[in-house]
Amino acid sequence: MTVSDIVNFFGLKIRTGENQLNEEVTGGYASDLLSDVIAHSRKGNIWITIQTHPNIVAVATMKELTAIILTGGREPDPETVQKAEEEGIPILVSPLFTFELAGRLYQTGISGMSPC
Amino acid sequence: MKLREIQDILDAEVVTGDANLEKEIKYGFAADLLSDVLALGRGSGALTLLITGIIHPQVIYASNIFDLGAIIFVRGKRPTEATLQLAIENQIPLLATPYIMFETCGRLYQHGLRPSIAKVKNG
Amino acid sequence: MAEAEENIRFHEMFHIEGGNFMNAGAISSRVKKILKEAGFPGKIIRRTSIAAFEAEMNVICYANQGNLSLFITPNFLKVVVEDEGIGIPDVNVAMREGYSTANEKIRELGFGAGMGLSNIKKNTDEMILTSEFRQGTHLEFVIYLSGQDKG
């Protein structure tokens with residue numbers, strides 16, 4: 001499943017990275033704690049969070065995540081959008097809250113990782 | 001579903017000794033940050049399970065304010081001693097699962113747990 | 001503004017430590033307990049505790065320290081929050097939804113969405129916010145016990 005498939009399936013709005021949606025998603029990772037995402041996310045994961053500040057782009061770039069989905073109707077900060085455009089990181093937004101979005105993504109077959 | 005079933009689904013440990021595992025839980029809310037927990041103001045607390053990585057007392061205080069049913073810590077995290085004591089005083093069951101938040105939400109959703117709040121109003 | 005001098009049935013003051021994120025909510029939790037034991041309706045308790053929580057968070061995020069006082073009278077609940085800290089340069093600007101002066105640490109902890117003050121306004125019947133830049137902030141809010149129900 002690619003990021004584009006997810007965008008279409010869930011009607012996610014695209015805030016940055018319209019042209020970078022073709023990556024295959026390796027799994028889902030939900031966390032708002034940057035140190036945790038850095039420690040445990042895997043390359044190709046799609047990241048679900050409510051964090052909107054520019055550091056999320058640095059983390060996504062560092063860990064080679066395929067996209068960031070902001071939940072609960074959150075919007076990325078202007079600086080975040082700018083940085084994401086520079087780094088080529090798609091930022092998507094959803095009105096759903098984390099629990100439901102993760103739940104639905106899981107049902108499409110995207111898995112969480114094995115237990116730590 | 002009962003807290004007991006949630007424990008099974010998530011291979012969870014019950015951290016607060018004699019928690020009431022017969023407690024009925026219908027809704028889930030996932031939050032790593034206290035600020036997001038405030039969104040629960042619109043939900044039905046007592047039937048809600050908070051799914052979180054916050055291990056500090058703030059999570060118990062927040063749960064108090066919204067009368068949440070139970071809390072489960074993800075990613076193998078354990079509450080601090082202060083948090084545990086507060087949970088016992090306030091009779092909030094604490095569970096802990098080795099699964100990550102995404103997996104935890106996924107499994108619970110698959111088993112029928114529904115979101116505490118559907119979506120933001122202008123979503 | 002409803003006068004707290006009118007027939008105060010109960011009064012208690014709590015100290016809030018600035019920067020103490022780990023125990024955020026401790027004070028509003030106690031406020032809630034008091035109201036619950038006093039037998040107030042659920043909605044009143046919820047609105048008061050949420051407003052108190054937001055006020056407590058503001059002290060923790062932005063001030064060095066503060067005090068939260070709860071007053072119960074026959075006709076209303078009143079909460080007064082006084083803090084010592086940087087204060088608010090322009091109160092009208094601060095009241096705008098989404099306006100935030102949160103620093104990086106506060107943002108990383110997930111706060112600073114700029115909703116706190118407007119959430120307080122939404123949950124209360126009267127609200128007064130005044131501030132002395134570089135000294136501190138004074139916040140008061142009132143919730144009526146009967147009649148108009150903001151829900």
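Colleague: In which loop of chain A is A:Glu64 found?

Modeller: This is a predicted model, in which local features need pLDDT of at least 70 and side-chain atom pairs count only at pLDDT 80 or more, while totals for chains, interfaces and linings use all residues. Residues are numbered from 1 along each chain as its sequence is written, and chains are lettered from A and ligands numbered from 1 in the order in which they are written. With helices (DSSP runs of H or I, at least four residues) and strands (DSSP runs of E, at least two) numbered from the N terminus, A:Glu64 is found in the loop between α3 and β4 of chain A.

Colleague: Does A:Glu64 count as buried, partly exposed or exposed, and why?

Modeller: A residue is buried if 20 or more other C-beta atoms, placed from the backbone, lie within 10 Å of its own, exposed if 12 or fewer, and partly exposed in between. Although A:Glu64 is not a glycine, its phi is positive, at about 55°. Because A:Glu64 has 14 C-beta neighbours inside 10 Å, it counts as partly exposed.

Colleague: B:Gln91 has a positive phi although it is not a glycine; does B:Gln91 count as buried or exposed?

Modeller: Most residues other than glycine have a negative phi. For B:Gln91 the value is about 55°, and the residue lies in the loop between α4 (81–89) and β5 (94–96) of chain B. Because B:Gln91 has 9 C-beta neighbours inside 10 Å, it counts as exposed.

Colleague: Which residue of β3(A) is the bridge partner of A:Gly27?

Modeller: Two strands pair if DSSP finds at least two bridges between them. Strand β2 (residues 27–30) of chain A is joined to β3(A) by 4 bridges, and the two run parallel. In β3(A), A:Gly27 has as its bridge partner A:Asn45.

Colleague: Through which helix does the chain cross from β2(A) to β3(A)?

Modeller: A crossover is right-handed if, with the strands pointing away from the viewer, the path from the first strand over the helix to the second runs clockwise. This β-α-β crossover is right-handed, and the chain passes through helix α2 (residues 34–40) of chain A.

Colleague: Which residue of β4(A) stands opposite A:Thr49?

Modeller: Strand β4 (residues 67–70) of chain A runs parallel to β3(A), and 4 bridges join the two. The residue of β4(A) opposite A:Thr49 is A:Leu70.

Colleague: Through which helix does the chain cross from β3(A) to β4(A)?

Modeller: The crossover from β3(A) to β4(A) is again a β-α-β unit, and it is right-handed. Its helix, residues 55–62 of chain A, is α3.

Colleague: How is α5(A) placed relative to α5(B)?

Modeller: Helix α5 (residues 98–107) of chain A and helix α5 (residues 101–110) of chain B pack with their axes 7 Å apart, at an angle of about 80°. Axes are lines fitted to C-alpha atoms, for helices over the stretch in contact, and angles run from 0 to 180 degrees between N-to-C directions. Angles under 35 degrees count as roughly parallel, over 145 as roughly antiparallel, 65 to 115 as roughly perpendicular and the rest as oblique. The angle therefore makes α5(A), relative to α5(B), roughly perpendicular.

Colleague: How many nonpolar, polar and charged residues does the contact of α5(A) with α5(B) have?

Modeller: Two residues are in contact if their C-beta atoms, placed from the backbone, lie within 7 Å. Among the residues that meet are A:Phe99 and A:Tyr106 in α5(A) and B:Phe102 and B:Tyr109 in α5(B). Ala, Val, Leu, Ile, Met, Phe, Trp, Tyr, Cys and Pro count as nonpolar, Asp, Glu, Lys and Arg as charged, and the others, Gly among them, as polar. By class, the contact has 6 nonpolar, 5 polar and 2 charged residues.

Colleague: Which element gives the largest share of the side of chain B that touches chain A?

Modeller: In this interface 27 residues of chain B are in contact with 27 residues of chain A. Two or more residues come from each of β2 (27–30) and α5 of chain B. The largest share, 7 residues, comes from α5(B).

Colleague: Which element gives the largest share of the side of chain B that touches chain C?

Modeller: Here 12 residues of chain B are in contact with 17 residues of chain C. The elements of chain B that give two or more residues are α2 (34–37) and α3 (58–65). The largest share, 5 residues, comes from α3(B).
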